[in-house]
Structure formats: structure tokens, C-alpha cells
Amino acid sequence: MNEYAIEAKGIEIGFNGVKILHDVDFTVRKGEVHALVGPNGAGKSTLVKILNGVYHKDAGTISLYGKPYEYTSPEEALQAGIAMVFQDLSLIPTMTVAQNIFLKSIPFRFGPFIDDKASAKHALELLERIGVNAEIHPDDLVSDLSIGQQQLVEISKALSNDPKILILDEPTASLSTSEIERLFSVINTLKQKGITIIYITHYLQDIFKICDGVTMIRDGRVLFSKSTKEITLDQLVAAMTNDQGGKISWEHVQGLRETKPLLEAKNITTHSISNVSLAVYPGEIVGIAGLLGSGRTELLRALFGIDPIVKGEILLDGKPIILHSTSDAIEHGIALVPENRREQGLVLDYSVSENLIMPIVHRIKRLLFVDERKKDTIVKQYIKQLGVKTQGPGQVVRYLSGGNQQKIVVAKFLASDSRVLLLDDPTFGVDLQAKHEIMKIIHAYAAKGNAVVMVSSEFNELADYCDSIYVMKRGKLSECLSGSMTEDNLLYMVQ
Amino acid sequence: MNTTLMEKMKQVKWRELVIYYIFLGVILLFSILLFDKGFLSGSNLMNIARQTAMTSIMAIGMTFVLSTGEIDLSFGSVVALSSIITTKILNSTGSILLAIVCGLAVGAVIGLANGLLVAKMNIPSFLVTLGMNGIVLGLARWVSNLQSIPVNNDVFTFIFGSGDIGPIPILFVWTVSLTIIGHLLLKKTPYGRRVLATGGNKISAMYSGIKVPNIKISVMLLNSVMAALAGILYSGRLHGARYTLGENDVMIVIAAVIIGGTSMNGGKGSVVGSLLGALIMGILNNGLILMGFSVDQQMIFRGLIIIVSVALTMREKRK
């Protein structure tokens with residue numbers, strides 16, 4: 001009897017002549033939860049997409065439960081017993097939970113028609129199987145569910161095919177803490193039912209909570225594959241950041257708050273925040289700690305002229321300013337790096353350089369046309385400064401990894417010569433190394449006498465990087481907390 | 001019992017029913033304004049049913065197209081070409097069956113071409129069908145030599161447009177039966193589910209094993225065939241074909257479908273809503289004629305009404 005659920009040997013693949021995976025061996029024991037980790041762009045997603053039949057490998061063999069398999073599409077992978085829960089949720093928002101779960105095969109029919117009642121009944125059984133039937137109903141519209149709930153629907157959908165192996169691609173990336181706990185208990189339930197799970201994540205601590213084994217990939221090669229008992233978090237972090245990482249934080253400059261504030265909000269109220277006051281001083285990075293839905297994003301929207309201000313005022317350099325639109329804000333030197341980089345921050349099918357110069361195109365034109373030489377100089381300078389891993393300024397942004405995309409979004413706004421930078425969760429879904437590089441850039445920016453307001457859901461990050469922190473709760477902002485905050489303090493305060 | 005009824009009432013999303021309010025509002029308005037001009041008379045209502053049949057039938061096909069997030073701007077000229085081909089073949093062979101088959105085949109070929117270009121070559125449907133419209137209209141003008149083609153086959157004209165079954169116009173029968181079939185197809189069959197999924201999220205649909213290109217081809221095909229059928233019905237009702245048939249319908253049909261609650265972004269569609277949308281457009285048209293507006297004025301009014309009603313519908317939905 002073979003002890004492995006998956007044995008992939010010598011997997012190789014390349015796109016457009018660039019080799020992504022080099023001779024990768026990947027094995028997973030039956031019934032274990034196996035973590036697949038590595039920096040962004042290492043090839044994790046590519047590997048599981050090969051296992052899942054989305055990509056076709058150039059070389060190598062795959063055996064499932066000791067039997068060699070050759071499949072060329074996700075459907076064939078499903079038949080072989082592999083189901084995948086995708087990072088970008090694959091649900092149809094305009095349909096109900098039950099309709100989504102059975103979208104693929106639509107198994108319940110009444111003559112030529114769909115039997116929606118039977119579908120709902122079986123959907124309920126699947127939801128019961130992972131113990132979430134109390135909060136998710138088969139007739140709920142998917143667009144009405146939270147991201148965490150959608151994730152659970154996604155898992156139910158994968159289970160409807162009765163898979164033996166389930167691949168979860170960064171399932172916790174957009175979940176709140178309680179939703180993550182929820183997901184872990186669901187994973188444990190699945191494990192008890194004998195399902196083998198491949199778990200891709202950036203959250204290394206989580207691996208020790210739920211995984212039995214871990215495989216680290218970097219630059220398209222397997223670095224090691226071990227039992228979680230044989231390895232520590234520090235070793236994982238070190239391997240991930242190529243031994244250069246560790247914790248980066250810096251000396252907080254003292255006495256910042258003794259000058260005149262650069263940006264000040266006085267008792268501002270919009271439709272979703274009330275009576276919020278804050279001040280940001282030149283050279284300062286101000287953190288806003290708050291949970292999803294606390295009004296943290298809406299605060300930035302107000303400061304950037306998106307949400308109209310009903311009451312109160314915004315002062316820049318001590319002078320009141322009125323923001324009717326985002327272009328007013330940009331005119332005043334305020335820039336926003338949005339939460340959702342793919343939708344709001346980048347034009348995915350434009351090149352790196354076109355994205356970078358978008359906000360400054362009026363400044364680099366000569367007569368009526370863009371000054372190509374000037375453009376090239378600026379773009380190359382930023383690519384170098386930010387350490388963006390790209391094939392060149394002409395590469396299309398869509399094919400960059402998440403961390404590199406985020407660097408470009410940040411760079412785009414730094415290029416615009418703004419004096420106040422508003423950042424909404426700038427390190428979301430970004431690997432550790434890229435995170436440090438992004439924070440370094442932001443810090444250098446602030447050190448020039450500019451001001452930064454940063455919202456984050458990772459409180460250790462706020463504690464490490466910010467000079468002052470405000471806590472946002474239910475549309476209201478706390479007093480300014482300067483000095484040494486810890487992650488635990490903040491976690492406690494936002495609840 | 002009572003509580004479940006209450007719950008059900010709560011589940012009904014009143015905002016989505018905006019089309020019914022508009023429908024009732026328009027009827028009420030014209031009933032009052034045009035009371036003495038016979039708006040509510042049986043013969044006028046039957047007239048409306050006849051006049052809106054073709055746009056209603058085209059709206060069914062367009063509902064499927066918009067539900068996948070695509071659009072078709074070529075169907076107006078498909079109406080013309082199919083009517084011309086059908087009548088020409090009917091006049092030269094006398095075979096109704098052959099004429100119908102050829103007329104529908106015109107739609108099928110054009111729809112298939114549209115679909116293949118959109119789904120396989122990844123050209124935006126807006127551009128494909130805009131270009132196709134020119135091609136097909138050119139063909140229609142060329143084949144007909146800019147002449148009207150009369151039809152004198154009584155069986156054909158009875159079945160396809162001019163007949164009445166008792167007091168009910170046969171066009172009304174066509175409209176109702178096709179609407180029921182279209183509604184069931186979209187809302188109750190796996191095919192309809194896949195159409196809505198394709199429009200709801202193309203990538204998700206693909207990952208769910210839906211053959212998105214095939215779905216797109218099929219809706220373009222369906223829409224073109226429905227337009228071809230509308231062309232046949234026009235030639236039956238008007239006892240003849242002409243290259244100008246359908247030229248005013250594109251705007252009306254697309255507006256009817258959107259007013260009826262189908263999302264231009266895909267993922268949401270209602271065949272019944274489209275029928276009501278088409279009826280609203282028809283009633284407005286009828287009302288404008290009864291009020292004595294000239295054709296030019298009618299066109300201006302119709303354009304205004306389309307913009308206003310679509311704006312109202314969109315605003316309701318955004319809330």
C-alpha cells in the first residue's frame with residue numbers, strides 16, 4: 001500500500017521561454033494537511049495549477065494514490081479526485097449558494113428543468129458537512145455573503161465533487177481573525193473525514209496550527225519538504241526571506257509632533273464615519289488600526305475627496321481645504337493607494353511604465369506628446385529603487401506577482417510628488433520580503449518631510465512601522481496613541 | 001402559514017419590480033390622457049399586441065445576449081435580410097417550409113459568424129456586430145434591389161403575422177408562447193444557468209467547467225435566429241418584405257430589455273421583464289401616434305423616453 005496521496009516528480013514548466021518550475025518533486029502523504037509556502041512568484045500557484053490540470057507541465061510525472069495520471073483539464077483532475085478552492089473566489093455573485101455549488105454539473109433535474117428544491121436540499125447537506133449550515137443558507141445570494149462565508153461556500157462547492165484531495169490557495173488572505181478560526185475548524189473536520197489537503201499560505205504561524213507537513217518553494221525550486229515537527233517558525237521565515245529578512249523596524253524620530261501638522265482633520269463626519277479628528281505631522285507615519293468595516297477605509301475616502309464631508313473640515317498646512325473630488329485631493333498633493341490594487345490601483349493590461357507615469361503624464365510631456373526619454377529615465381529609476389522584479393518597463397503588469405504589483409502602485413503615487421500619502425492596507429497579500437521593501441520605500445518617503453496615513457489589518461506591522469497610531473471603531477476614531485504599541489495592545493483595543 | 005407568507009413577502013425585492021410600476025403607470029397615464037381617442041378599446045389593444053410582437057420576440061433573444069454580458073447590434077438588418085430571403089423563396093417556389101427554413105438559416109449563419117468572431121477571436125461583440133450590421137444591411141439592399149417584395153400567399157401571411165384566432169391575433173400567440181419558452185430556458189434549464197453564470201463572472205464560469213465560448217456562440221446564434229423569425233413575421237404581417245424592416249427596432253429592443261431588468265453587465269436577466277419592457281415601448285409608441293405626433297416627433301420622443309426610462313431603471317438598481 002502506497003503511503004502518498006500525491007507524488008509529483010521532476011515537474012518542469014515554462015511560459016514564453018521563461019522557466020517557472022525547475023525539476024520540482026512534491027509529495028503529500030494520505031490524509032495530511034500539507035502547507036506549500038514560498039515568496040510571491042516562487043511558483044506555488046503554478047505548481048498547484050499543474051496538479052489541478054489548468055496548466056500542462058512540460059516534463060515530469062504525477063501519481064495519485066500510487067497510480068500515474070495524465071490529465072489535461074480541471075475536469076479530468078476532478079475525476080481523478082483533485083478539487084481546488086481558488087484564491088480569487090470563483091463564485092458567481094449574482095447567483096444563490098445552491099446554484100453556485102451545483103453550477104458545474106447541475107445534477108438535480110426534473111425532466112429538462114433544474115430541480116432547485118433538490119439542489120437546495122443537497123447544498124444544505126454539504127454545508128452541514130462542514131458545520132456552517134447555521135450561518136449560510138442555500139438560498140442566500142452570494143453577493144450578500146461576507147468574503148469569509150463565500151470562502152466556505154467555495155469549499156462546499158469543491159466538496160460537491162467528493163474529492164480525495166483538496167487544494168486551498170491562500171484561503172485566509174482576506175478573512176478576519178474569527179473567520180480564520182472558523183476555516184481552521186472546517187479544515188480539521190475535512191481532515192477527519194480522510195481528505196488530503198494542500199494548503200498554500202503566506203501566514204507562516206498558521207502552518208503550525210493546522211498543517212502536518214510543509215514544502216518550501218523558492219525561485220521555482222523546492223528548498224525543503226519537512227514535517228512541521230522538524231522545523232520552527234524562525235527557520236521558515238529565514239528560508240522565506242533568504243536569510244536577509246527578519247524583523248525590520250526603525251528608530252522612530254522623536255519630536256515630530258512639535259511642529260505644525262501637515263494634514264489635519266477636525267471633527268469630520270461623512271455618511272459612514274462620525275466626528276473624526278486626526279493630525280499628521282511632516283515626516284510622520286500615522287497608523288489607523290481597525291477591523292474590516294470599522295470605517296477605516298471610509299476615513300481615507302473622506303480625506304481623498306471621494307466621500308463628501310457633511311460636517312467638519314480638513315486643513316492642509318493649517319489652511320482649510322475643500323475636496324469635491326479626487327482630482328481636488330491630487331491637486332493639493334494628497335494621494336491614495338487603494339485597498340484593491342488589481343481593481344483600483346492598476347490597469348492590469350498596461351505595461352509597468354504606462355502604469356507608473358499615469359498620474360504624472362502631464363508633467364513629462366513635451367509640447368503635446370509624452371517625452372519618451374524622460375519617461376524611460378523616471379521609470380527605470382523607480383524600478384531600480386523599488387526592486388521591482390520585472391522583465392523590463394514594457395512588461396504587462398498582470399503577469400507580475402502580487403508583491404511586485406503593489407510596489408508599482410506605491411511607486412505610481414510616489415512619482416506623483418504628493419506630500420500626503422494615504423495607504424489602504426498596502427501589504428495585503430504580499431510576501432514578507434516585498435512587505436519590507438514597500439515599508440522601506442514608504443519610510444524614506446516620510447523622512448523627506450512628507451506625511452503618511454496607513455490603514456492595516458496587520459497590527460504587528462502598525463506597531464513596528466508607525467510613529468503614531470489611532471484606533472478606529474464603528475466609525476469613530478480614538479485619541480492618538482504615540483510611542484510603543486504592541487500587536488496585542490492593538491488587537492485588544494479594536495475589538 | 002401567515003408567518004411564512006409574511007416572510008415570503010419580505011423576500012420579494014420590491015426594487016426589482018420597478019418594471020411593473022412603470023408598466024402600470026404608463027397604461028394608467030394613457031388611459032386617462034387618451035380615453036376619448038379609444039386607447040383602451042379592444043381593437044387598439046389588439047393593435048398594440050400586433051405592433052409589439054416583433055420587438056418582444058427580438059427582446060427574448062437579446063435578453064440572453066445581454067445576460068452573458070455581450071451585445072448584438074446587427075439584428076436589425078438580420079430582420080430585413082431574412083424577410084427578403086423568405087419572401088423571395090416563397091414567391092419563386094411556393095414552399096412555405098423551404099422559405100421559413102431559408103429565412104431562419106440566414107439568421108443562424110449570421111449569428112454563428114457573430115458568435116465565432118466574439119468567442120473564438122475575442123473581438124468585442126460591440127464591434128463585431130456593428131460591422132456585421134453593415135454587411136448584412138448591404139446584402140439586404142443588394143438582394144432586394146431596394147424594392148419592396150410583395151407576398152400573396154394567404155396561408156403564409158395567416159400563420160406568420162396577419163391571422164387572428166377568434167379575437168386573438170396570431171402574433172400574440174407567437175409572442176406569448178415564445179416568451180414562456182424563453183423564460184423557462186433562461187430560468188429553469190441548465191443552459192440558462194450557464195448563460196447567467198457566464199455573464200455573472202466569466203472566469204468563475206470557466207473554472208466551473210462551463211464552456212464559455214460555446215455559450216457565447218449559442219446566445220449570438222439564438223438572438224439572430226429570433227431576429228430572423230421577427231423578419232418572417234414582419235413580412236407575413238405587412239404582406240411583403242423591404243430592406244428597411246427592423247431598422248428602428250435595435251434601439252427599442254435593447255431599451256426594452258434593459259428596462260425589463262436585464263443587466264448590461266451580464267449575470268442578471270428576465271425574459272418576462274423584457275416582454276413588459278417591449279410592451280411599454282409599444283404602448284408609448286401607440287400613445288404617441290394617437291396623440292397625433294408626426295413621425296419625426298415620434299422619433300424624438302421615443303429617444304427621450306428611452307433615455308429617461310433606462311436612467312430611471314438604472315438608478316433604482318443602484319440604490
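**Close-up views of a two-chain predicted model**

**View 1. Helix H12 (residues 249-259) of chain B is largely enclosed by the rest of the structure, because 10 of its 11 residues are buried.** A residue is buried if 20 or more other C-beta atoms, placed from the backbone, lie within 10 Å of its own; helices are DSSP runs (H or I, at least four residues) numbered from the N terminus. Among the buried residues of H12(B) are B:Asp249, B:Val250, B:Ala256 and B:Ile259. B:Gly261, with a positive phi near 100 degrees, follows H12(B). This is a predicted model, in which local features need pLDDT of at least 70 and side-chain atom pairs count only at pLDDT 80 or more, while totals for chains, interfaces and linings use all residues. Residues are numbered from 1 along each chain as its sequence is written, and chains are lettered from A in the order in which they are written.

**View 2. The largest nonpolar core comprises 156 residues.** Such a core is a set of buried Ala, Val, Leu, Ile, Met, Phe, Trp, Tyr and Cys residues joined through C-beta atoms within 7 Å. A:Leu166, B:Met58, B:Ala230 and B:Leu233 have the most contacts inside it. Helix H11 (residues 212-238) of chain B provides the largest share of this core, 15 residues. Another core, of 72 residues, lies apart from it and includes A:Phe304 and A:Leu477.

**View 3. Chain B contacts chain A through 16 residues on each side.** Contact requires C-beta atoms, placed from the backbone, within 7 Å. On the side of chain B that touches chain A, H9(B) gives the most, with five residues.

Note on methods:
A residue is buried if 20 or more other C-beta atoms lie within 10 Å of its own, exposed if 12 or fewer, and partly exposed in between; C-beta atoms are placed from the backbone. Helices (H or I, at least four residues) and strands (E, at least two) are DSSP runs, numbered from the N terminus. Two residues are in contact if their C-beta atoms, placed from the backbone, lie within 7 Å.
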